[in-house]
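Look at the structure below, then try each exercise before you read its solution.

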Amino acid sequence: FEDTILKIRTTRKGQEAAMYGPLRDLFIQLLNYPAADVDIDVRGDDGRPDVTVRAPSGLLSLNGTPVKIPWIVVEAKDEPDCFKNTDSREDIFLEKEKYIGTNTGWFVMVDPGVFIARQVGGRQVWDDIVIHLDDSLTPSVFVSKLSGLKAEVAGVSEQLRRFREGDFGLIAVEKLSPPPAPASRTQQAK
């Protein structure tokens, strides 16, 4: 873990791609994703995230194999503090949010000093999970802060899974009632 974080922390300007392997390793070794579900720099429908982490969608393809979705997309920058600075973070996020698809759950931003995880869906900069990549960071703190990104909770939500299995109790129901009967004088006027 320490070597992986050190590799990210010591990335020099112009060597951004050197961060991709260590980032992949964090998702595989600490957040428990299968290696086959973590891709480096693979072009998607809306661009090319630096790292893409796939998760089960709960659906099957026509040939019966599970369909995987891009659950986490990662943007890495070799510019120190570009994500630590919230203004710069927002500028880069707005430029790179094109990587977010309909099934993406998390957008991760990493520079040599910080690892930021933002849940997709109306979240703002103040909701970001911020992990400083310093000497005090331990594997247990890293995993604890990123518990919502772990492989065992990734992919289709429990509510959607239940709905697909026929549990319609989660559907909002609006009960309509007829309007009250008009006053007797209103009925007579007609």
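**Exercise 1.** Find which residue stands opposite Val110 in S4, and how S3 and S4 run.

Step 1: Ala76 stands opposite Val110 of S4. Strands here are DSSP runs of E with at least two residues, numbered from the N terminus. The model is predicted, local features need pLDDT of at least 70, side-chain atom pairs count only at pLDDT 80 or more, and totals for chains, interfaces and linings use all residues. Residues are numbered from 1 along each chain as its sequence is written, and side-chain values use heavy atoms, with hydrogens and water left out.

Step 2: S3 (residues 66-76) and S4 run parallel, joined by five bridges. Two strands pair if DSSP finds at least two bridges between them.

**Exercise 2.** Work out how S4 pairs with S5.

Step 1: S5 (residues 114-119) and S4 pair in the antiparallel sense over six bridges; in this pairing, Met109 stands opposite Ile116.

Step 2: The link between S4 and S5 is a hairpin of two residues.

**Exercise 3.** Place the strands in the open sheet.

Step 1: The order is S1-S2-S3-S4-S5-S6, with mixed pairing.

Step 2: S1 (38-40) and S6 (129-132) stand at the edges with a single partner strand each, so one side of each lacks a neighbour in the sheet.

Terms used: Helix = DSSP H or I, 4+ residues; strand = E, 2+ residues; numbered from the N terminus.
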